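Student: I would like to learn how to read salt bridges and helix packing from a model. Could you take me through some cases?

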Number of protein chains: 2
Amino acid sequence: MKKLEGSYFESIQPGTVLSGFGVSKVVDSDHPDYKTGDLVWGITFWEEYSQIASPSFLFKIEDTSIPLSYYTGILGMPGMTAYVGFYDICSPKKGERVFVSAASGAVGQLVGQLAKLAGCYVVGSAGSSEKVALLKNKLGFDEAFNYKEEENLNAALKRCFPEGIDIYFENVGGKMLDAVLPNMRDCGRIAACGMISQYNLKEPEGVHNLIYVVMRQIRFEGFIVLNHFHRYPEFLNMVMGPIKDGKITYVEDIAEGLESAPAALVALSSGRSVGKQLVRVSTV
Amino acid sequence: MKKLEGSYFESIQPGTVLSGFGVSKVVDSDHPDYKTGDLVWGITFWEEYSQIASPSFLFKIEDTSIPLSYYTGILGMPGMTAYVGFYDICSPKKGERVFVSAASGAVGQLVGQLAKLAGCYVVGSAGSSEKVALLKNKLGFDEAFNYKEEENLNAALKRCFPEGIDIYFENVGGKMLDAVLPNMRDCGRIAACGMISQYNLKEPEGVHNLIYVVMRQIRFEGFIVLNHFHRYPEFLNMVMGPIKDGKITYVEDIAEGLESAPAALVALSSGRSVGKQLVRVSTV
């Protein structure tokens, strides 16, 4: 397979089994920590049955009173991404103004809800009117806009944040980041966990407004959530209650069957997925 | 006067008296904190005598055993910029690899020397062979290069930092920042106090490699030193000894007479100044 046209990622060789975050049931085990029937979440593979020689990133699921699929999303890697990025990187204070891009996605929707729980004003951007409605009506964002319908992102941000942005949760990069920078307030914080708008470009877009990092004394910090999992028990402890009480909700987009996985990946990259994109391989 | 061609800064109206950081002697005062004969440094004006109605940023000079001009540089605003940026923003650890751009300038030369005192490996970039020699032979940098003579900045950085950069003290922005980002190590820190390469461009250059902020978990932080002056006494206390002992040195480029000030400003912007650019208006 040749290098993907218009992408700076390498294409995948035929025969490679992709890994990803999944929920699984142990069907057989000689590992002392896992026994037949255990439910686990963590890094598994795009296949119906996986042999895991040395589980390097696998968590036992203790609480099964909520949908198991949540362990791939709000209770898994994306949830931790929202938690670490928002609390640890952005140090939010009550009343601060928070902007979340890709806000209806697996990470963004929880960031917005954590921000509301922290007493912040929260605006999200997304790529369809359906997603914008979801943000405002179901996920409790104060305001939301469809970035594809805004002629001028800077004007859209000024309209939503007349006094500027304290915290930007960066999921997309490129033009959105460039529009956000001049709208940041003094001592603002930007947590970056990804730049999805850039992944399928041959060359990443240039960001021109970095002088605002100096002028506004911005802290712009990237993080990789896998290095923060010592905080996972604390995170579970914090979100489990609000999820059960319905104070935090979570939107999923579930594709049925392993054969639908490639199409689901394309849907995710092209913005067609609404909420956390999942593939259901089987039911337990 | 019309807007300066090729600059995104406004031009200065005729009749405006520019402010700047200077050392002055009080010739008359009815302010309780200042008396005739006091030496002060802080924000004064491009003129031989200034009337300062309410001194908002003026420090009395207590120690006159070192050149008074140092209070415009290593003991003044640029010195504090180096100190705050290096220690507070970059949190250096012994053995870390530090890169300083505009390294022979008012700020950069002290950053490099602080980094050596902290047990780091330090490389600087500058814009002439004279400056590069200064960095290596007088200011104690481990390595230095002339960015104007490097065809490929990325290759120059790889040559000087085969294992990558832990700390980048950012003074220039644009292409240099873009070359630095892929050479940063995991959990690297970038302190940005200015982006001088961008000030005279009509539009700032695009920076394309920001995805490395995520991939390398970089903290990229801007700061304005005027907001950190509560730490000035601690800074003086730290650097005064090494300066007197000759363990920290400082290179100045002194223009004579107020009439030489505009040319000195142009020399600074065009990279002709070597070391901290000063204008001597009179001697005390």
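Student: Which residues of chain A are linked in a network of salt bridges?

Tutor: Side chains of opposite charge can pair when their charged atoms come close. In this predicted model, the network consists of Arg97(A), Glu163(A), Asp166(A) and Arg185(A). One of its pairs is Arg185(A) with Asp166(A), a salt bridge with an N to O distance of 3.0 Å. The two residues sit in distant parts of the chain: Arg185(A) belongs to strand 8 (residues 184-192) of chain A and Asp166(A) to strand 7 (residues 165-170) of chain A, 19 residues apart.

Student: Are Arg185(A) and Asp166(A) buried or exposed?

Tutor: Read the relative accessible area of each residue against the cut-offs: under 20% is buried, over 50% is exposed, and the range in between is partly exposed. Arg185(A) has 27%, so it is partly exposed. Asp166(A) has 5%, so it is buried.

Student: What does the salt bridge between Glu163(B) and Arg97(B) look like?

Tutor: Their side chains meet at 3.8 Å, N to O. Glu163(B) is in the loop between helix 4 (153-160) and strand 7 (165-170) of chain B, while Arg97(B) is in strand 4 (residues 97-100) of chain B, so the bridge ties together parts 66 residues apart in sequence. Glu163(B) is exposed, at 54% relative accessible area, whereas Arg97(B) is buried, at 18%.

Student: Which residue does Glu150(B) meet in a salt bridge, and at what distance?

Tutor: Glu150(B) pairs with Arg159(B), at 2.8 Å from N to O. Glu150(B) has a relative accessibility of 21% and counts as partly exposed. Arg159(B), at 52%, is exposed.

Student: How many salt bridges are there over all chains?

Tutor: The count over all chains is 32.

Student: Now the helices. At what angle do helix 1 and helix 2 of chain B cross?

Tutor: Two packed helices are described by the angle between their axes and the distance between the axes. For helix 1 (residues 77-89) and helix 2 (residues 108-117) of chain B, the axes cross at roughly 45 degrees and come within 8 Å. That angle makes helix 1 of chain B oblique to helix 2 of chain B. Their crossing is right-handed.

Student: Which residues make the contact between helix 1 and helix 2 of chain B?

Tutor: Helix 1 of chain B contributes Gly79(B), Ala82(B), Tyr83(B), Phe86(B) and Tyr87(B), and helix 2 of chain B contributes Leu110(B), Val111(B), Leu114(B) and Ala115(B). By class, the residues of this contact are eight nonpolar, one polar and no charged.

Student: How many residues of helix 2 of chain B are buried?

Tutor: Eight of its ten residues are buried, so helix 2 of chain B is largely enclosed by the rest of the structure. Among the buried residues are Gly108(B), Gln109(B), Gly112(B) and Gln113(B). The cover over the buried residues of this helix includes helix 1, strand 4, strand 5 (121-126), strand 7, helix 7 (232-244) and strand 11 (276-280) of chain B. After helix 2 of chain B comes Gly119(B), which has a positive phi, near 80 degrees.

Student: At what angle do helix 1 and helix 2 of chain A pack?

Tutor: Helix 1 (residues 77-89) and helix 2 (residues 108-117) of chain A pack at about 45 degrees, with axes 8 Å apart. These two helices of chain A are therefore oblique to each other. Helix 1 of chain A passes helix 2 of chain A in a right-handed crossing.

Student: How do the axes of helix 1 and helix 7 of chain A cross?

Tutor: The axes of helix 1 and helix 7 (residues 232-244) of chain A cross at roughly 95 degrees and come within 11 Å. Helix 1 of chain A is thus roughly perpendicular to helix 7 of chain A. Gly79(A), Met80(A), Tyr83(A) and Tyr87(A) of helix 1 make the contact with Tyr232(A), Glu234(A), Phe235(A) and Met238(A) of helix 7 in chain A. That contact has six nonpolar residues, one polar and one charged.

Conventions. Residues are numbered from 1 along each chain as its sequence is written. Chains are lettered from A and ligands numbered from 1 in the order in which they are written. This is a predicted model: local features need pLDDT of at least 70, side-chain atom pairs count only at pLDDT 80 or more; totals for chains, interfaces and linings use all residues. Side-chain values use heavy atoms; hydrogens and water are left out. A salt bridge is a side-chain nitrogen of Lys or Arg within 4 Å of a carboxyl oxygen of Asp or Glu. Helices (H or I, at least four residues) and strands (E, at least two) are DSSP runs, numbered from the N terminus. Buried means under 20% relative accessible area, exposed over 50%, partly exposed in between (1.4 Å probe, protein chains only). Axes are lines fitted to C-alpha atoms, for helices over the stretch in contact, and angles run from 0 to 180 degrees between N-to-C directions. Angles under 35 degrees count as roughly parallel, over 145 as roughly antiparallel, 65 to 115 as roughly perpendicular and the rest as oblique. A crossing is left-handed if the near helix is turned anticlockwise from the far one by less than a right angle, and right-handed if clockwise. Contact means heavy atoms within 4.5 Å. Ala, Val, Leu, Ile, Met, Phe, Trp, Tyr, Cys and Pro count as nonpolar, Asp, Glu, Lys and Arg as charged, and the others, Gly among them, as polar.
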